[in-house]
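This report goes through one protein model step by step. Please keep the sequence and the structure in view while reading.

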Amino acid sequence: MKEKTPRSNQKLKILYLLKVLLENTDEEHDITMQQIINYLEGYDVTAERKSLYDDMEKLRDFGYDIIMTQYGKSFHYKIGSRDFELAELKLLVDSVQSARFLSEKKSAALIRKLESLASRHEASKLHRQVYVSGRVKSMNESIIYNVDSIHSAIGADRKISFRYFNWNPQKQPELRHGGERYVISPWALTWSDDNYYMIGYDEKAGIIKHYRVDKMLDIRTEDIKREGRSSFKAVDVADYTKKMFSMFEGRESHVRMRCHNSMAGVIIDRFGKDVVMIKDGEEHFTVSVSVALSRHFLGWVMALGEGVEITGPDEVLEIVRGEIAKMAKRYLDKEG
């Protein structure tokens, strides 16, 4: 392998100067001109002070916020404002780390890239945040590429095909429909309860459906124009996501509930500020919401205890009574 000759990077001097400033300085840390010269020597670049002054001026003209401060007889230099402030990078790191749809490996790779946007001093503060949370993460490494493939198909107005799986008790993926490829017209991507979902039109069923992106495998863009435009236009994606209630299937139904005043925040968090809350006595209010009537929804209500009570309609109350009876039988029959 050919060895690098001295000053072989001389033509890249201004770029290495920028690299030195970006990596070693920030609003709280600066370096002297001699330190800059020493760093550049490490990159096989030699420079005179006058030429570095000229290079810094060119970088300022290009838009970099290079600040010079005098301490006694010495001058110190640093990068002031950046595209991302440290607080913004911390927010992005937290978001990447907490996103369940990203695997641990992909989260770590993205965080390393975010760290490169800060100085080495600030990057250490971001690195410590990686260990804040031990949340359950996706095991599908290809999810980012899945999202990109779906976006591309939507932009090209084309259908996609893919295989879909669920996890079995042995923690192994099992292909649904015997491994047969799904062919769907993708129309939107939504992020709900820490998971990415693709919303699309199923021509065979004639309805809008949704799929967990991290459970989609081998996505292909088909040379077939999308269908279901009129059906999708009639769907408000945000409203659809809210009604499907954490993406658990169920028949859509209007449900009336009587809630204790202390549950106001819980109801607003789940259904948004537009939900109509009608006062019912001094300590309660009522709401009527449209949801996908599923066991997940019923379980959510029951988990709120005496704070929330489903009051109608009658057909929903019958379903609730049936679920309670099944649960009682399952556990009470085991007494003794």
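## Helix α6 and Glu122

Helices (H or I, at least four residues) and strands (E, at least two) are DSSP runs, numbered from the N terminus. Glu122 lies in helix α6, which covers residues 120-129. The model is a predicted one: local features need pLDDT of at least 70 and side-chain atom pairs count only at pLDDT 80 or more, while totals for chains, interfaces and linings use all residues. Residues are numbered from 1 along each chain as its sequence is written, and side-chain values use heavy atoms, with hydrogens and water left out.

Is Glu122 buried or exposed? Glu122 is buried, where buried means under 20% relative accessible area (1.4 Å probe, protein chains only). Leaving aside residues up to four places away in sequence, Glu122 touches Asp26 and Leu86 (contact: heavy atoms within 4.5 Å).

## The whole protein

The protein has 12 helices and 13 strands. Of its 336 residues, 40% count as buried. Among contacts between residues at least 6 apart in sequence, 65% join residues at least 24 apart.

## Nonpolar cores

A nonpolar core is a set of buried Ala, Val, Leu, Ile, Met, Phe, Trp, Tyr and Cys residues joined through side-chain atoms within 4.5 Å. The largest one has 26 residues. Elements that each supply at least two of its residues include α7 (143-156) and β4 (158-167). A second, separate core has 22 residues, among them Ala264 and Leu317.

Notes. Buried < 20%, exposed > 50% of the residue type's maximum accessible area, 1.4 Å probe, protein only. Lys, Arg positive; Asp, Glu negative; His and termini not counted. Salt bridge = Lys/Arg side-chain N within 4 Å of Asp/Glu carboxyl O.
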